[in-house]
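Good morning, colleagues. Please look at the sequence and the model as I show them.

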Amino acid sequence: MTSTTAPLPTTAGLEAALRKALAPTALEVIDESTAHAGHAGANAEGRGTHFRVRIASPLFEGKPRVARHRLVYDALQVFIAQGLHAIAIEVL
């Protein structure tokens, strides 16, 4: 049987998208999904729904916090359809 659903987001997938879009000088992506079991947006897989992103990028220079976060969200938009529910962003 072939599944038509998109694969769950992965740490590697988010890292690749952020590297391509934002050329970060520092980047750490952590899948915190298991800590959110039973919460809104969590799935039975225990992965791929809740991530923490720690990032520094020259593209953030001179931009307010909201604009920096928007750049991160924009870079990860494709993952929303794959089940990404929450992103905690720490700009370094």
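The accessible surface of the protein comes to about 5,600 Å², with 55% of that area belonging to carbon and sulfur atoms. Accessible areas here come from the Shrake-Rupley method with a 1.4 Å probe, and for residues only the protein chains shown count as cover. Of the 92 residues, 28% count as buried; buried means under 20% relative accessible area, exposed means over 50%, and partly exposed lies in between (1.4 Å probe, protein chains only).

A word on the basis of these values. This is a predicted model, in which local features need pLDDT of at least 70 and side-chain atom pairs count only at pLDDT 80 or more, while totals for chains, interfaces and linings use all residues. Residues are numbered from 1 along each chain as its sequence is written, and side-chain values use heavy atoms, with hydrogens and water left out.

Now the fold. The protein has two helices and three strands, and from the N terminus on the order is α-β-β-α-β. Helices (H or I, at least four residues) and strands (E, at least two) are DSSP runs, numbered from the N terminus. Taking contacts between residues at least 6 apart in sequence, 62% join residues at least 24 apart; contact means heavy atoms within 4.5 Å.

Leaving aside residues up to four places away in sequence, alanine 17 touches Ala75, Leu76 and Phe79.

Let me turn to the loop between strand 1 (26-31) and strand 2 (50-56), where serine 33 is found. Is serine 33 buried or exposed? Serine 33 has 2% relative accessibility, so it counts as buried.

How many salt bridges does the structure hold? There are five, a salt bridge being a side-chain nitrogen of Lys or Arg within 4 Å of a carboxyl oxygen of Asp or Glu. One of them joins glutamate 32 to arginine 52, with the closest N and O atoms 2.7 Å apart. That pair links distant parts of the chain, 20 residues apart: glutamate 32 in the loop between strand 1 and strand 2, and arginine 52 in strand 2. Arginine 54 and glutamate 90 also meet in a salt bridge, at 2.9 Å from N to O. Here the link runs from strand 2 to strand 3 (residues 86-91), across 36 residues. Arginine 54 is partly exposed at 24% relative accessibility, as is glutamate 90 at 28%.

Within helix 2 (residues 65-76), arginine 70 and aspartate 74 lie four residues apart, about one turn of the helix. Salt bridges that share partners join Glu28, Glu32, Arg52, Arg54 and Glu90 into one network.
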